[in-house]
Amino acid sequence: MTEETHQLKSIEETEAFARAFAEKTTAPCMILLKGDLGAGKTTFARAFIRYLLNDAEALIPSPTYTLIQEYETPRGILRHFDLYRLTAPEEVYEIGWEDALQNGIALVEWPENLGYLAPKDALTLAFSPDPASDEARTVTIWGRD
Amino acid sequence: MHILGIETSCDETGIAVINGKTREIIAESVKSQIDAHQVFGGVVPEIAARAHIDVIDGMIAHVMREAKLEFKDLDGIAATCGPGLIGGVMVGMMAGKAIALAHQKPFIAVNHLEAHILTPRLLQDVPFPYLVLLVSGGHTQILVAKSLSDYELWGTTLDDACGEAFDKCAKLLRLPFPGGPHLEKVAAKCEDAAKALQNVPLPQPMAGKPNCDFSFSGLKNAVRLATQKPHLAPELAYSFQHTASEILADRCAQAIKRFRTIYPDVAHPAFVVSGGVAANKTIRARLEGLMQENGFLFFAPPLKYCGDNGVMIAWAGYERLAAGLVDGLDAKARPRWPLEEMKQSS
């Protein structure tokens with residue numbers, strides 16, 4: 001399994017990285033976004049979704065409370081999951097998980113809460129903040145190419 | 001006019017009977033599932049749907065008994081049909097439809113956000129148009145209520161909701177769920193406010209910008225960084241709460257200007273704050289002061305009606321029924337239901 005690492009110096013760089021990543025993404029695809037509170041997952045997700053919607057101003061609300069937000073994009077349905085409030089893996093079936101495994105593009109924040117249901121071969125992006133800077137992040141990618 | 005209201009869109013099961021015409025709350029009951037969830041440390045959608053199912057029948061029967069009414073005495077059944085967690089919404093909506101069908105009563109599909117906006121009108125006279133700040137775990141919006149069903153969104157959060165920021169900062173401070181009320185308690189222990197703001201300065205995203213949008217994710221990030229340094233929890237909690245309330249006040253100040261420009265003829269304009277975060281006393285006091293300074297009448301529901309409840313659904317149902325807005329039994333449960341779509345659907 002190959003692993004690659006990117007250094008992102010600012011929010012703008014994180015966003016540009018997300019857009020470039022979105023450009024390469026085609027359905028079906030599930031992308032797991034790991035990282036602690038404030039690590040940059042939602043910044044990545046928002047720029048990614050805006051790129052696929054072709055709308056730089058689109059409102060991308062946090063899915064923390066709704067658990068999932070769905071978007072219709074030219075590349076198919078895009079599901080933005082936030083599993084922060086999940087505490088047992090099976091609960092994910094209540095919010096359309098089986099569909100997400102079969103079609104469309106899925107961005108999954110807090111995949112740690114999937115436990116044993118976490119897809120083994122999914123593309124994973126792990127974000128970690130740089131202790132020396134407010135905005136700098138390191139992102140490590142592994143999984144399916 | 002007796003209306004039964006049913007709320008199940010998130011963590012609370014809320015049931016109430018009101019007399020809309022006389023503005024009387026006849027009987028009500030709210031059961032928070034947070035008690036059941038606290039052992040798990042979060043609100044769980046599946047458990048939420050199941051817990052609503054477990055309690056809804058008994059709660060409706062209890063409220064009807066308290067009200068000394070039978071279903072045949074009701075004039076309408078109102079249930080939240082969105083936005084919210086779909087599993088929970090389905091439970092309340094189907095219960096409402098079943099009662100409406102069995103007893104041949106009008107069914108009113110209520111938008112949960114509209115109910116928050118309208119609730120203050122049950123308790124006091126709030127004439128349209130008025131300015132609204134809707135602030136909860138899932139929503140942070142400034143809008144103008146022009147008339148029933150006619151809402152214009154002026155600003156919303158570009159990232160996290162205000163209540164979500166409270167919950168996540170509470171989590172960073174290792175406080176239990178729900179974080180908002182716990183954070184407020186810890187902040188109250190801060191003995192020196194000026195020192196807290198000096199020791200833990202936090203940013204106010206969007207401050208002074210001439211629109212009414214919000215942003216809380218930068219604040220959350222700043223709290224995260226602050227927790228990594230030596231800190232006193234009461235100081236950090238105080239600084240966060242103070243900053244959140246300043247952000248809300250700054251955005252509302254922009255909305256006041258805009259309201260004055262667009263509605264110069266409204267002599268005594270009204271401002272309504274609603275939603276779970278409106279229960280925070282610091283935020284409430286800050287907004288009330290801002291409104292007084294600017295000649296706006298300030299309305300906030302009593303603390304017990306800031307969170308989700310059945311009374312607000314019954315009241316929204318009454319207002320819609322009185323305006324002739326009744327829904328069919330084919331009304332859908334809608335996880336997303338923007339307020340601007342109310343006008344088209346009525």
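In this predicted model, A:Phe21 and A:Phe44 are both buried (under 20% relative accessible area, 1.4 Å probe, protein chains only). The two rings form an edge-to-face pair, with 5.8 Å centre to centre and 70° between the planes; rings of Phe, Tyr and Trp (its six-membered ring) pair if their centres lie within 6.5 Å, and planes over 60 degrees apart count as edge-to-face. Because A:Phe21 belongs to helix α1 (residues 11-23) of chain A and A:Phe44 to helix α2 (residues 41-53) of chain A, the pair ties together parts 23 residues apart in sequence. Helices (H or I, at least four residues) and strands (E, at least two) are DSSP runs, numbered from the N terminus.

Strand β2 (residues 12-19) of chain B pairs with β3(B) in the antiparallel sense over eight bridges, and B:Ile15 has B:Ser29 in β3(B) as its bridge partner.

Residues are numbered from 1 along each chain as its sequence is written, with chains lettered from A and ligands numbered from 1 in the order in which they are written. Local features need pLDDT of at least 70, side-chain atom pairs count only at pLDDT 80 or more, and totals for chains, interfaces and linings use all residues, while side-chain values use heavy atoms, leaving out hydrogens and water.

Notes
Phe/Tyr/Trp six-rings, centres within 6.5 Å; stacked < 30°, edge-to-face > 60°. Buried < 20%, exposed > 50% of the residue type's maximum accessible area, 1.4 Å probe, protein only. Pairing = 2+ DSSP bridges.
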